[in-house]
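Hello,

Here is the structure we talked about. Please open it and keep it beside you while you read my notes below.

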Amino acid sequence: MKRIPTFASLCLAAVSLLLAFQQAEEFPAEIVKFRAGPGNPLFKGTGDKKTWDEKIRERGYILREGEKYYMWYTGYTKATGDSMKYLGLATSDDGLKWTRYAKNPIHTTLWVEDMCVLKDGSTYYMFAESKDDIAHLLTSTDRIHWNDRGAIDIRLRNGSPISKGPYGTPTIWKEKGTWYLFYERNDAAVWLATSKDLKVWTNVQDEPVLNAGPEKYDAFAVAFNKIIQHKGLYYAYYHASAFKDWREWTMNVAVSKDLIHWKKYAGNPIVGNDSSSGFPVFDGKQWRFYTMHPDVRVYYPEK
């Protein structure tokens with residue numbers, strides 16, 4: 001006998017469809033569903049060639065200007081790994097085949113890793129971790145020569161300095177004259193501070209804007225990598241770990257209307273545990289997704 005749907009079952013189905021539609025609207029497929037590109041990895045350390053960048057690590061950063069791609073990355077050797085990590089530059093015409101800058105490393109007086117770069121006017125602003133996971137600001141006018149502006153001064157809402165300890169993986173956004181700085185502390189959570197002058201940064205709230213968990217995939221670590229704006233909403237791409245010892249990382253995404261309140265994507269993680277420190281780059285036609293650690297890989301939107 002054919003079963004006639006009850007009113008309750010019809011309501012449940014309608015709610016499920018509504019939630020699925022809302023999820024698709026908040027997290028469009030073109031920015032959350034990616035497939036690995038051919039030829040990965042695109043770029044990696046030189047291995048046993050005894051160069052300054054035998055290995056690369058953490059979040060490098062790719063900026064597309066015109067038809068050219070610029071990638072800043074962190075290199076080190078077994079000998080220098082515990083004492084100094086250097087900044088390098090590579091360029092590409094297509095974002096796939098990369099050429100190291102002939103005079104690398106381009107900065108050797110400051111430990112530089114986990115960088116995020118934003119161009120404003122004629123100046124490039126690099127927010128990066130230095131030794132002991134302390135965030136610094138560097139500036140450049142040519143992408144090559146960088147001036148260290150010192151450790152970033154972050155304050156609580158009452159104006160007092162934040163407590164001593166690491167504050168790293170700085171991720172930047174600028175809008176209407178205000179700079180927004182997302183940072184993590186021991187990868188336990190993400191906070192947000194703002195500034196008008198790049199000298200003093202004040203927490204928007206003294207509580208995190210994104211916490212680890214409660215889902216397993218990001219239960220033990222979270223850190224933002226990049227913010228983009230797409231179809232009127234903000235998206236934060238972040239790496240996370242499901243393990244207390246951080247032995248594996250995944251790539252994930254969250255959405256916001258105001259840069260303060262974030263909703264995690266129910267389909268996280270979007271890229272598995274083979275690479276991390278990833279973010280999207282618009283190539284003129286679509287958003288590609290790059291991961292940077294332990295090597296550089298590219299992913300394309302699923303068709």
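Lys 174 is partly exposed, because its relative accessibility is 28%. Keep in mind that this is a predicted model.

Lys 174 forms a salt bridge with Asp 120; the closest N and O atoms are 2.7 Å apart. The two residues sit 54 residues apart, Asp 120 in strand 6 and Lys 174 in strand 11. Asp 120 is partly exposed too, at 27%.

The structure has 15 salt bridges. Another one joins Asp 218 and Lys 264, with the closest N and O atoms 2.6 Å apart. Asp 218 lies in the loop between strand 15 and strand 16, and Lys 264 lies in strand 19, so the pair ties together parts 46 residues apart in sequence. Is Asp 218 buried or exposed? Asp 218 is buried, because its relative accessible area is 0%. Salt bridges with shared partners also link Arg 57, Glu 58 and Glu 113 into one network.

Glu 26 pairs with Lys 263 in a salt bridge, the closest N and O atoms being 2.7 Å apart. Glu 26 belongs to helix 1 and Lys 263 to strand 19, 237 residues apart. Glu 26 counts as buried at 16% relative accessibility, while Lys 263 counts as partly exposed at 35%.

Now the core. The largest nonpolar core holds 56 residues; Trp 72, Met 126, Phe 127 and Trp 201 touch the most other members. Apart from it lies another core of 18 residues, including Val 222 and Phe 224.

Four strands form an open, antiparallel sheet in the order 1-22-21-20. Strand 1 and strand 20 are its edges.

Best wishes

Terms used:
Residues numbered from 1 in each chain as written. Predicted model: local features only at pLDDT ≥ 70, side-chain atom pairs only at ≥ 80, totals over all residues. Heavy atoms only, no water. Pairing = 2+ DSSP bridges. Core = buried A, V, L, I, M, F, W, Y, C linked by side-chain atoms within 4.5 Å. Buried < 20%, exposed > 50% of the residue type's maximum accessible area, 1.4 Å probe, protein only. Salt bridge = Lys/Arg side-chain N within 4 Å of Asp/Glu carboxyl O.
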